[in-house]
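Subject: Structure handover and findings

Hello,

Please find the structure below. My notes on it follow.

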Amino acid sequence: MMAMNLPRSPGSDSGARPAVHRTVLEIQALTKRFGEVLAVDAIILSVAQGEVLGLLGPNGSGKSTTLNMILGFVRPTAGRVMIDGHDLERDRRQALLSVGGLVEGSAFYPYLTGRRNLWMLARIRGLPRTSVDEVIGLVDLGQAADRKFGGYSTGMRQRLGVAAALLHDPKLIVLDEPTSGLDPAGTREMRQLIPRIAAEGHTVVLASHLLVEVEQVCQRVAILKQGRIIAEGRVADLLSGDGSLRIRIAESDLAKAQGVLLSKPDVKSVTIDNGDLVVSAAIDGSAVNRMLVQEDIYASRIEPAGRSLESVFLELTEAGGNP
Amino acid sequence: MKALLAIEAEKIVRRRLNQIVLAIVVVLLVVVYVLLWLASDALSGTSASDQGTVEDIRSTLYLEETVPFAILMLYTFGFVGGVVVIGSNIGSEYTWNTIRTLTSAEPRRWRVLTAKLIALWALVVVGLLIGLVAALTTSAAITLAAGRFDLQFVDAAYIQDSVLSFLRTLVGTAPYFSLAALLGVVGRSPTAGIALALGVAFLEGIVSGLMQLAGGWVANIPLYTLDANADSLALVEGGVLSDLYGQSGFGEAIQRPSVEHAVIVLLFWAFAFISATYWCLSRQDLPYEG
Ligand SMILES: Nc1ncnc2c1ncn2[C@@H]1O[C@H](COP(=O)(O)OP(=O)(O)OP(=O)(O)O)[C@@H](O)[C@H]1O
Ligand SMILES: [Mg+2]
């Protein structure tokens with residue numbers, strides 16, 4: 001149907017796959033249009049086994065729509081989704097059996113208990129009831145498992161939703177703001193749970209606009225804006241600065257130090273930011289320190305002036321202005 | 001498919017709404033019997049009223065007439081109850097977003113729908129049978145109270161008639177139930193399924209009455225839609241109550257289709273609505289509804 005005639009990516013279709021680091025999710029030119037709104041615009045992504053990919057983006061940037069397409073809830077306007085080597089369009093059943101997820105909110109029968117809701121899912125999937133006990137333990141639902149879902153708090157609903165996503169032990173797990181509504185303890189548990197399931201060999205795609213969360217649990221991020229991926233890479237790379245240094249010195253010495261450093265040929269720029277000196281130079285921290293000491297100025301701290309994910313995010317998503 | 005059927009059955013049985021609708025249908029049937037009995041009791045022997053009609057009404061309450069009479073009532077109460085149950089059980093899957101959870105566990109959506117339709121239809125059949133049993137019980141009590149209890153009328157022909165009229169009820173309601181399922185899927189809510197299906201049933205009766213009054217080729221259109229055909233099946237039994245029933249609409253003004261014609265037209269529509277339901281579900285986006 002969605003004939004895009006995209007080039008096959010190497011490895012994704014072949015029978016013999018390497019056991020580690022193979023591609024579990026591959027998205028090619030995926031597009032979704034809701035009437036006038038272009039929600040997702042030809043995005044390309046590839047996620048390897050065991051990886052935790054963060055999908056960041058402001059409200060309405062297309063995170064949930066992308067995950068809805070991966071879970072088969074929303075039909076792409078164009079493009080292709082491959083899950084564990086199965087084409088979602090042509091081999092829908094196999095593809096969808098390899099993925100589990102919680103997108104936007106959990107959905108269960110309010111007049112049944114959490115446990116009974118999961119029993120039903122286990123039954124459809126042909127799993128034993130013990131698998132239900134396992135995931136209930138994993139998300140720490142406790143006594144609430146035997147209460148009716150209709151009476152659940154937001155956090156309990158979220159936990160049950162995550163339990164259902166993990167129930168059949170899928171290769172790929174997609175989570176959309178999994179900590180929304182969780183209390184601080186629950187949030188911490190969830191953030192610990194995600195790396196743990198990745199360590200077991202699962203692949204996780206996590207959409208969030210909580211930058212701390214993404215920084216904590218993801219190795220790689222893709223930043224979405226108006227349906228397009230505007231930046232993608234390892235978290236460490238995105239955060240690493242341009243080699244400039246942040247230097248803490250006594251306030252009374254700030255102006256003097258700035259003058260001293262600016263007079264040196266290796267120093268490109270010196271600015272004062274938040275009571276610190278920010279120095280861009282072709283030399284390293286110890287060389288800069290020596291220059292200061294020679295002038296009787298003593299730094300209490302010298303560190304790389306790295307950027308926060310927040311500043312990267314805001315810089316990228318606000319450039320050009322949002323509608 | 002067995003697992004899907006089992007969970008659909010479990011969902012239906014455990015849902016309070018379904019229990020309540022069934023109870024209401026049964027209670028209404030019993031109440032109508034009791035009220036008619038009390039009314040005819042009060043009227044009989046008074047000089048003012050038409051004693052012939054009173055006696056007719058009384059006799060329809062006796063056991064001998066239970067099947068045709070109760071089925072006529074089930075046609076109305078059971079029809080509304082069935083539409084409510086089907087529309088809401090399908091529509092709720094959307095408002096609760098459980099359609100997403102279900103189709104994640106079984107990605108072949110047609111299987112999910114098939115299990116649901118079979119389970120709901122079984123519920124309707126069982127509900128109609130329970131209603132019939134309630135009517136028989138009430139009628140037996142009334143017959144006994146009137147000192148007319150006697151099972152002589154039960155013979156092969158009676159049983160065959162009863163089974164046939166039950167089947168006619170199933171055929172007559174099938175397109176409306178199918179329509180409720182379709183509208184539940186298209187409208188993604190219980191209200192859409194229930195209100196639109198009942199609305200269609202109500203409006204179509206009025207519109208087709210007007211069309212038949214208009215005459216000419218326009219008058220023939222209702223022969224191929226639902227209302228006239230469903231009425232035709234409901235009124236096969238004849239008798240004083242079916243006359244009363246027919247007069248509630250424009251029913252008496254029209255030429256009534258034959259039973260064979262009615263069955264074919266109604267099954268055609270039921271099939272068309274069900275096919276459309278499968279088609280819509282298979283193509284539908286299922287975004288989370290907040
Ligand atoms: N079912 C739908 N019908 C019409 N438009 C939709 C639908 N779902 C999403 N959209 C539109 O698509 C765009 C992307 O929405 P989406 O929900 O994917 O964003 P998001 O990144 O998840 O945002 P948020 O951070 O607020 O959850 C938005 O403009 C939204 O209005
Ligand atoms: Mg979202």
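First, a term for the sheet notes: two strands pair if DSSP finds at least two bridges between them. Strands (E, at least two residues) and helices (H or I, at least four residues) are DSSP runs, numbered from the N terminus.

Before the findings, the ground rules. This is a predicted model: local features need pLDDT of at least 70, side-chain atom pairs count only at pLDDT 80 or more, and totals for chains, interfaces and linings use all residues. Residues are numbered from 1 along each chain as its sequence is written, chains are lettered from A and ligands numbered from 1 in the order in which they are written, and side-chain values use heavy atoms, with hydrogens and water left out.

Strand β3 of chain A

In β9(A), which residue is the bridge partner of L55(A)? A222(A) is. Strand β9 of chain A covers residues 220-225, and β3(A) pairs with it in the parallel sense over 4 bridges. β3(A) also pairs with strand β8 of chain A (residues 203-208), again in the parallel sense, over 5 bridges. There, V204(A) in β8(A) stands opposite V52(A).

Buried means under 20% relative accessible area, exposed over 50%, and partly exposed in between (1.4 Å probe, protein chains only). Both faces of the strand are covered. V52(A), G54(A) and L56(A) are on one side, with L53(A) and L55(A) on the other.

Ligand 1

Ligand 1 lies between chains A and B. There are 14 residues around it, and N59(A), G60(A), K63(A), S64(A) and T65(A) come nearest. A residue is near a molecule if one of its heavy atoms lies within 4 Å of it. By class, the shell has 5 nonpolar, 7 polar and 2 charged residues. Here Ala, Val, Leu, Ile, Met, Phe, Trp, Tyr, Cys and Pro count as nonpolar, Asp, Glu, Lys and Arg as charged, and the others, Gly among them, as polar.

In chain A, β2 (37-48) and α1 (63-70) each supply at least two residues of this shell. α1(A) gives the most, with 3 residues.

- K63(A): a side-chain N or O atom is 2.7 Å from an oxygen atom of ligand 1.
- N59(A): a polar side-chain atom lies 3.0 Å from an oxygen atom of ligand 1.
- S61(A): a backbone N or O atom lies 3.2 Å from an oxygen atom of ligand 1.

On its own, ligand 1 has 630 Å² of accessible area, and the protein covers 65% of that. Areas come from the Shrake-Rupley method with a 1.4 Å probe.

Domains of chain A

Chain A is divided into domain 1 (2-238) and domain 2 (245-305). The bounds come from an automatic or database domain assignment. The domain centres, taken over C-alpha atoms, are 46 Å apart.

D253(A) lies in the loop between β11 (245-248) and α9 (254-262) of chain A. D253(A) and T154(A) are 99 residues apart in sequence and 53 Å apart in space, C-alpha to C-alpha.

Two helices of chain B

Helix α5 of chain B (residues 98-105) has 8 of its 8 residues buried, so it is largely enclosed by the rest of the structure. Among them are I99(B), R100(B) and L102(B).

Helix α9 of chain B (residues 226-234) has 9 of its 9 residues buried, so this helix too is largely enclosed. Its buried residues include D227(B), N229(B) and D231(B).

Best wishes

How values were computed
A polar contact is a pair of N or O atoms within 3.5 Å; within protein, one must be able to donate a hydrogen and the other to accept it, and residues adjacent in sequence count only if both atoms are side-chain atoms.
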